[in-house]
Amino acid sequence: MENSKMQAHGAILLANTIFGLGVPVTKLLLEDWVSPMTYMATRSLGAAVVFWLIAAFMKPEKVERRDLMVIMLGGLMGFVVSQTLTAEALNYTSPVYFSLIATLTPVAVMLMAALFIGERITGLKFLGVLLGIAGAVLMVVMGQTSGSGSNDLLGITLAILSVLTWAVYMIITRKVAQKYSPVTQMKYVFLVSAIVTVPLAWPELSEQRLYSAATFGWDGALEMAFIVLMATVLGYFLIPYAMKYLSATTVSIYTNLQPMVASFVAIAIGQDRLTWDKPVAAVLVLLSAYIVTVVTTKAETLKNDKA
């Protein structure tokens, strides 16, 4: 069991490192090789093919029709809508600002849970929300005056919408996610995603540098392969594996690694520059996520034990 926990920690560490690297890599793809919709179509179709191939060698799971609808609706909400907003956000703002906003995912999940299923927001959780909002406001204000993106206000707004959409996806699929294997869920998620995004991207496909014989480059192909195989397929394998042996709180703590990795790489390759507001915003949003996911969980556990 102890060995399994160590492997789970390694899996979640690797997954969040990959996700962090995926932010500047996506920025490179959008700047040099593909449009946001072509990026989404390639990612959806590539992941769908891989997951259906894997499923062909596994024992098939029977999915109830109602659950299938939830999974496919979740795919539209949590991947197509959320990740399209992500791609559009990275068109306008820097990888550092985007990754910091993404760290607020636990806060967004808490807010959506309160809105849709009536979960209570304690005073401590409210403090966490206020800190997260303060961090986001600081990024918006500084982005307007000295940001490195083409339109940081729009990019940060799209990033917030992406996080909120992802939070809704997690809320509506939380029960179904416990009934079926990750492969079964993901093959349907990416199938419906491909069905939606490929027709939308098809008319512009020939205009994309990555898919034109005259402008094709192996660096762009390798970047896209990393996004499809590592940041999508492998990431979706590692997270469910880790959650078999680690608590949700422990898993969520590792998400704080993403902005560190994304920021370091983005600044190192010249996509962004280090200004005073980024470390301050990082402290605010990371503290926000920590209060919502760790401190409140400990407080609630202590309260239940006393009861």
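# Exercises on a predicted helical model

Lys 179 counts as partly exposed, with a relative accessibility of 44%. Here buried means under 20% relative accessible area, exposed over 50%, and partly exposed in between, with a 1.4 Å probe and protein chains only. This is a predicted model, in which local features need pLDDT of at least 70 and side-chain atom pairs count only at pLDDT 80 or more, while totals for chains, interfaces and linings use all residues. Residues are numbered from 1 along each chain as its sequence is written, and side-chain values use heavy atoms, with hydrogens and water left out.

## Exercise 1. The chain as a whole

Task: State how many helices and strands the protein chain has, and what share of its residues is buried.

Solution. 
- Step 1. Helices (H or I, at least four residues) and strands (E, at least two) are DSSP runs, numbered from the N terminus.
- Step 2. On that basis the protein chain has twelve helices and zero strands.
- Step 3. The protein chain has 307 residues, and 48% of them are buried.
- Step 4. Contact means heavy atoms within 4.5 Å. Of the contacts in the protein chain with a separation of 6 or more, 90% are between residues 24 or more positions apart.

## Exercise 2. The salt bridges of Lys 179

Task: Identify the residues whose side chains meet that of Lys 179 in a salt bridge, and place each pair in the chain.

Solution. 
- Step 1. Side chains of opposite charge can pair when their charged atoms come close. A salt bridge is a side-chain nitrogen of Lys or Arg within 4 Å of a carboxyl oxygen of Asp or Glu.
- Step 2. By this rule there are two salt bridges.
- Step 3. One joins the side chains of Lys 179 and Glu 64, at 3.8 Å from N to O. This pair links distant parts of the chain, 115 residues apart: Lys 179 is in the loop between H7 and H8, and Glu 64 is in the loop between helix H2 (36–56) and helix H3 (65–92).
- Step 4. The side chains of Asp 67 and Lys 179 also meet in a salt bridge, at 2.7 Å from N to O. Here too the pair links distant parts of the chain, with Asp 67 in helix H3 and Lys 179 in the loop between H7 and H8, 112 residues apart.
- Step 5. Glu 64 is partly exposed at 47% relative accessibility, whereas Asp 67 is buried, with a relative accessible area of 8%.

## Exercise 3. The largest nonpolar core

Task: Describe the largest nonpolar core, and list the contacts of Phe 190.

Solution. 
- Step 1. A nonpolar core is a set of buried Ala, Val, Leu, Ile, Met, Phe, Trp, Tyr and Cys residues joined through side-chain atoms within 4.5 Å.
- Step 2. The largest such core has 51 residues, and those with the most contacts inside it are Leu 29, Tyr 39 and Phe 190.
- Step 3. Among the elements that give two or more residues to this core are helix H1 (2–32), helix H5 (105–117) and helix H9 (218–243). The most, nine residues, comes from H7.
- Step 4. When its neighbours within four places in sequence are left aside, Phe 190 is in contact with Ser 44, Ala 47, Ala 48, Phe 51, Phe 79, Thr 232 and Tyr 236.
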